[in-house]
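Please read it alongside the sequence and the coordinates.

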Amino acid sequence: FQLPRSIDPDLPHEASALHRRLRAGFWAAAPAVAALCVWRYGPTAAAAAAILYAMVLAALAWIDAETGLLPDALTQPLLWLGLLVNLNGAFTPLPDAVLGAVAGYLLLWSVARAYLLAAGRPGMGDGDFKLLAALGAWLGWAGLPSVLLLSSGLALAVALAMRLLGRLEPGQALRYGPYLAGAGIWALLRL
């Protein structure tokens, strides 16, 4: 997978600059997130897995913010790795991880399908359901409500702020992946 060289040409210059600042912020926060993972799980294999999880989510958040894409080349391995990590229940029992992957996908797929039927146009990309499925594989089904609540709340707050500042037009898309990724990292650190 290779990222496009340019940011979406439909985005205003200010949004492109914002995306660059967000990308820099994600990578600047990487050492702090790694330290939090080690603090939370100790010097264990679970901490190493948590660091990998957080770094892949940070990369996905950056890619989605830059391009509007959540590549299968990252979401699918993240899902499978979550199931493998939970074979021995590192973060959640394996049955809960499998149910989390299925529920994560079906939850957002159902919302997107209902929106498509009601509005006649897509409201969410397939990558969002795949990302939530991966989060479910790591966190289990019980972790999904808090991830959805936090990510939706953050996305709504940002959308409202951008709307008030005149940076988001009615009907303009807001990329949801960065909010899902951030909520996923938060949820793993609080398990």
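## Overall organisation

Read along the sequence, the protein chain follows the pattern α-α-α-α-α-α-α, with seven helices and zero strands; helices (H or I, at least four residues) and strands (E, at least two) are DSSP runs numbered from the N terminus. This is a predicted model, in which local features need pLDDT of at least 70 and side-chain atom pairs count only at pLDDT 80 or more, while totals for chains, interfaces and linings use all residues. Residues are numbered from 1 along each chain as its sequence is written, and side-chain values use heavy atoms, with hydrogens and water left out.

Of the 191 residues of the protein chain, 42% count as buried, where buried means under 20% relative accessible area, exposed means over 50%, and partly exposed lies in between (1.4 Å probe, protein chains only). The accessible surface of the chain comes to about 10,200 Å², and 68% of this surface belongs to carbon and sulfur atoms; the areas come from the Shrake-Rupley method with a 1.4 Å probe, and for residues only the protein chains shown count as cover. Among the contacts (heavy atoms within 4.5 Å) with a separation of 6 or more, 71% are between residues 24 or more positions apart.

## Two helices and their ends

The table sets out the spans of two helices, for which the expected value is 1.5 Å times one less than the number of residues.

| Helix | Residues | Number of residues | First to last C-alpha | Expected span |
|---|---|---|---|---|
| α2 | 45-67 | 23 residues | 33 Å | 33 Å |
| α6 | 144-164 | 21 residues | 30 Å | 30 Å |

Helix α2 is mostly covered, with 18 of its 23 residues buried. At its start, a side-chain oxygen of T44 reaches to within 3.3 Å of the backbone nitrogen of A46, and just after α2, G68 takes a positive phi of about 80°.

In α6, the buried residues are L144, S146, V147, L148, S151, A155, A159 and M162, and what covers them includes α4, α5 and α7 (177-190). As a general point, an α-helix has 3.6 residues a turn, so residues three or four places apart point the same way. Helix α6 is followed by G166, whose phi is positive, near 75°.

Side chains of opposite charge can pair when their charged atoms come close. With a salt bridge taken as a side-chain nitrogen of Lys or Arg within 4 Å of a carboxyl oxygen of Asp or Glu, the count comes to one salt bridge. K130 forms a salt bridge with D72, the closest N and O atoms being 2.9 Å apart. This pair links distant parts of the chain, since K130 is in helix α5 (residues 126-139) and D72 is in helix α3 (residues 72-85), 58 residues apart. K130 counts as partly exposed at 21% relative accessibility, and D72 is partly exposed as well, at 33%.

T75 also has its place in helix α3, and T75 is buried, with a relative accessible area of 1%. Not counting residues up to four places away in sequence, T75 touches L60, L70, K130, L131 and A134.

## A nonpolar surface patch

V98, V102, Y105, L106 and W109 make a nonpolar surface patch of about 420 Å². Such patches are made of residues with over 30% relative accessible area and no salt bridge, with like charges joined within 9 Å and nonpolar side chains (Val, Leu, Ile, Met, Phe, Trp, Tyr) within 5 Å. W109, placed in helix α4 (residues 94-119), is partly exposed, with a relative accessible area of 38%.

Note on methods:
Polar contact = N/O pair within 3.5 Å; in protein donor to acceptor, adjacent residues only side chain to side chain.
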